Amino acid sequence: MTENHPELQQPDHGPKHKKDLTRRKVVVAGAGAAVAVGAAGTLAASGAFASEKSTAASASSTSTAAEACYRLTSETTEGPYYIDADKIRRDITEDKEGIPLTLQLKVIDSETCKPVANAAVDIWHCDALGIYSGYESLSTGGGGGGAPTDAPSGTPTDAPSGTPSGTPTGEPPSGAPSGGTGGGGHEEPTDDERYLRGTWKTDKHGQVTFRTIFPGWYRGRTVHIHTKVHVDGTWTDAGYEGGHTCHTGQFFFDEESVLASAEVEPYSTSTTERTTLTEDTIYDQSGTTGGLLKLKYNKKNIAKGVIGSITMGVDPDTTNDGTSL
């Protein structure tokens, strides 16, 4: 794939997961999906996101020769709902309702501070009500029953004693990470939906920008976005081939922003108990190093949109696929 043809499309070959990242191949799909926002308090993409030039300029302005080297960004579990680079696109919203989120990422070598260019960055996350595309039947009512095994050991005293039928229950216990640290079992996709998933390459400054929505929550986990960084592969007309995964992590949101989002539809319609940032068993409480995003939004009206940014310090020479933590 080249920068000149980001809209190139190929037929959907159905869900497929490849564990061998040395032979990984991604399929190019449309990048122009628009946000269809119908709920109160949410906006259409055309009015919510800054232009590509604006976001790029903003990201570039924060990069200086004096930028300090970052410690290695924390590695986390891949989780059971990863689908190997299924959509090559920057706008991953499709028709999902929610608060517009512009995610500005930068990837640098944690030892040299140099940007990591031409890397393939994956992001994926649940929708405003805690549902993962590709796994809708697993991340809604039932879901194997009970709390996921990566959930906190105790149930908050102010949480409902039971989860209402049909509400998100989070990652199923079958094959899920044990105690929040295991990398256990990938689940095979149960449907062909691929909203809120996408892959794009970093530019010469190590930067990449995604357009999505503010994630919701599900039982047992705080609000988060999953990510992977792949390096040493080759970008072709078909997508991205070869290479290895040097980083598997998650991005997190501070409590103030999550509480603000919970006042906006459709988030406000969720009856699912919520795990706070300090209660989460995956987030290591280390701030930016642990994946905590820097957020910008109108504190009086978060529905207008949020800009989240972070620099990831990675070791391009190592392999961290998040399946053996």
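Both faces of strand β3 are covered in this predicted model: Arg197, Thr199 and Lys201 on one side, and Gly198 and Trp200 on the other, are all buried. Buried denotes a relative accessible area under 20%, exposed over 50%, and partly exposed the range in between, with a 1.4 Å probe and protein chains only. Because 5 of the 5 residues of β3 are buried, the strand is largely enclosed by the rest of the structure. Strands (E, at least two residues) and helices (H or I, at least four) are DSSP runs numbered from the N terminus. In a regular strand the side chains alternate between the two faces of the sheet.

Residues are numbered from 1 along each chain as its sequence is written. As the model is predicted, local features need pLDDT of at least 70 and side-chain atom pairs count only at pLDDT 80 or more, while totals for chains, interfaces and linings use all residues; side-chain values use heavy atoms, with hydrogens and water left out.

Strand β3 belongs to an open sheet of 4 strands in the order β3-β2-β5-β6, with antiparallel pairing. The edge strands are β3 (197-201) and β6 (239-252), each of which pairs on one side only. The twist averages 20 degrees from one strand to the next, where axes are lines fitted to C-alpha atoms, for helices over the stretch in contact, and angles run from 0 to 180 degrees between N-to-C directions. Two strands are taken to pair if DSSP finds at least two bridges between them. Between β2 and β3 there are 5 bridges in the antiparallel sense, and Asp122 stands opposite Thr199 in β3. Strand β5 (residues 224-236) is joined to β6 by 12 bridges, again antiparallel; Val229 stands opposite His247 in β6. Asp232 lies in β5 and has a positive phi, near 65 degrees, in a residue other than glycine. With a relative accessible area of 61%, Asp232 is exposed.

A further open sheet of 4 strands has the order β4-β1-β8-β7 and mixed pairing. Strands β4 and β7 (294-296) stand at its edges, each with a single partner strand, so one side of each is left without a neighbour in the sheet. Neighbouring strands are turned by 20 degrees against each other on average, direction ignored. The pair β1 and β8 runs parallel and is joined by 9 bridges, with Ile108 opposite Gly313 in β8. Gly308, also in β8, counts as buried at 0% relative accessibility. Not counting residues up to four places away in sequence, Gly308 touches Leu101, Thr102, Leu103, Gln104, Lys294 and Leu295, contact meaning heavy atoms within 4.5 Å. The C-alpha atoms of Gly308 and Leu292 are 9.5 Å apart in space, and the two residues are 16 apart in sequence.

Thr212 is found in β4 and counts as buried at 0% relative accessibility. Its side chain makes a polar contact of 2.7 Å with the side chain of His125. A polar contact is a pair of N or O atoms within 3.5 Å; within protein, one must be able to donate a hydrogen and the other to accept it, and residues adjacent in sequence count only if both atoms are side-chain atoms.

The largest nonpolar core has 43 residues, and those with the most contacts inside it are Leu105, Phe210, Phe251 and Phe253. The elements giving two or more residues to this core are β1 (100-109), β2 (120-124), β4 (207-213), β5, β6 and β8 (306-314). A nonpolar core is a set of buried Ala, Val, Leu, Ile, Met, Phe, Trp, Tyr and Cys residues joined through side-chain atoms within 4.5 Å. With residues up to four places away in sequence not counted, Phe251 touches residues including Leu103, Leu105, Ile123, Leu293, Ile310 and Met312.

Cys126 counts as buried at 1% relative accessibility, and Cys246 is buried with a relative accessible area of 1%. A search of the whole structure finds 0 disulfides, a disulfide being a pair of cysteine sulfur atoms within 2.5 Å.

The loop between α3 (255-261) and β7 contains Pro266, which is joined to Glu265 by a cis peptide bond with omega about 5 degrees. Gln285 is found in the loop between α3 and β7; phi of Gln285 is near 65 degrees, a positive value in a residue other than glycine. Gln285 is partly exposed, with a relative accessible area of 41%.
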